[in-house]
Amino acid sequence: MSIDPELVRLAFQAVKDPRKWENLLRHLISVTPAKAAIITLRDKKTCQIVNDDALEAEYHSPLIQGFDFKAVAFYMTELRTIDPWAKAQIQAYPHIPTVMSRIVDPRTASDRRFFEWLERAGLRDTIAFELDRMPGHWTAINLFLPEIDTPATDHLMSYCKAHAEILREAWQSSQYVMHCQQSGQAALDHLSQHSVPACILSPGSEVALTNDAFRRLKDEGIAKVSQPSGRISLCLNASFKIEGHDDDLTVLRHAATDSDVTVSAVPFEPDPLYSMKKEKHWLLRFEIGTGAARSVQSIGYPLERLTPQERRLFEAISQGVSVQEGGQMLGIQRSRTYEVWSRVKEKLGISNAHELRGLMSVLA
């Protein structure tokens, strides 16, 4: 059987957007004898279906096509643990397309509750095979047929054999893309837990990912996201710097706010195959200074020269804590604290902490 070019096109779309698997399953139903199709995560020991979030909420999922969702609800609550085909797959694992009626024949099964439920949906057979496997679970695709052992069974089997590897690679690739996106979001959320607003920008300054702390910046007018372009805009008084690089990043600006804001941009390569050849993405971190820090800046300290860590130590000491206490607040060792403080003094032209606190007392 020749390769179905439309399935290949839809598979590529599904890699980029997991929601597009719905379109691919509908296509399978339209071009093959299959009348229903599902993709399910299964427990490796029992081969029973694991609910996804949508199934838990309303027995609906884009990975289920051709079933009435009331029927799905009945299966999940009443039949999942007694599904004869699931039990059979513990021994007859469908590494490759497998006609399940040839493993457990519905016509001779002693317990017909599952098969009677299937027949009420106008279905009597399924071809199943693995899309992915992991330590405790595996992912299966099932294509359901209205009759057992007909020419349609052989036709669907030929189609599945011809396209199984395409479907498998597309599914695994889509999962990898989704996991990468989730990993990036997890890193941003980790910063958010430490009250560090952050976002990731594409090369055109469009916001790709944000954390909760960043979203609060929008309420304060510090950062805005233009619509529909998605480009970021920073308030005019935000100090913007690119850490340790000569790269250039242009961002929009809008009216100033009362906040003292430092925005640090770090470029990274999104595509290691073309390092230094393609446009970079950017990680932006925002630091909101205290009132004390703003007062110090107003008398001329070039705070933009400081790294985020140096600035936090500077701000702590300017508010009256000792150098050692400032390091403890930042979670760095004593020796490291004094190294950072030495760099702060050198960059800002400060002789010692007493000089800084003396200036602060004058401002007060």
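**Close-up views of a predicted model**

**View 1. The start of helix α5, where D83 meets W85.** At the beginning of this helix, the backbone nitrogen of W85 lies within 2.9 Å of a side-chain oxygen of D83. The structure shown here is a predicted model. Helix α5 covers residues 84–91, and its buried residues are P84, W85, A86, A88 and Q89. What lies over them? The cover of these buried residues includes the helix α6 (113–120) and the strands β1 (36–43), β5 (125–133) and β6 (137–145).

**View 2. Helix α4, from its start to its buried residues.** Look for D68 at the start of α4: one of its side-chain oxygens comes to within 2.9 Å of the backbone nitrogen of K70. Now follow the helix, which runs over residues 69–79. Along the way you can pick out A71, V72, A73, Y75, M76 and L79, which are buried.

View 3. You will find L217 in helix α8, which spans residues 212–220. Is L217 buried or exposed? Its relative accessible area is 3%, and buried means under 20%, so L217 is buried. Setting aside neighbours within four places in sequence, L217 is in contact with P197, I222, A223, F286 and I288. Take I288 from that list: L217 and I288 are 71 residues apart along the chain, yet their C-alpha atoms are separated by 9.7 Å.

**View 4. Helices α10 and α11 crossing.** Here helix α10 (residues 308–318) and helix α11 (residues 323–330) have axes that come within 9 Å of each other and cross at roughly 130°. The two helices are therefore oblique to each other. Their crossing is right-handed. Which residues meet in this contact? From α10 come Q309, R312, L313, A316 and I317, and from α11 come V323, G326, G327, M329 and L330. Sorted by class, this contact has 6 nonpolar, 3 polar and 1 charged residues.

**View 5. Stepping back to the protein chain.** The protein chain has 13 helices and 14 strands. It holds 364 residues, and 45% of them count as buried. How much of the contact in the chain links residues 24 or more positions apart? Such pairs account for 59% of the contacts with a separation of 6 or more.

Terms used:
Residues numbered from 1 in each chain as written. Predicted model: local features only at pLDDT ≥ 70, side-chain atom pairs only at ≥ 80, totals over all residues. Heavy atoms only, no water. Axes fitted to C-alpha atoms, helices over the stretch in contact; angles between N-to-C directions. Helix = DSSP H or I, 4+ residues; strand = E, 2+ residues; numbered from the N terminus. Parallel < 35°, antiparallel > 145°, perpendicular 65-115°, else oblique. Left-handed = near helix turned anticlockwise from the far one by under 90°. Contact = heavy atoms within 4.5 Å. Nonpolar A, V, L, I, M, F, W, Y, C, P; charged D, E, K, R; others polar. Buried < 20%, exposed > 50% of the residue type's maximum accessible area, 1.4 Å probe, protein only. Polar contact = N/O pair within 3.5 Å; in protein donor to acceptor, adjacent residues only side chain to side chain.
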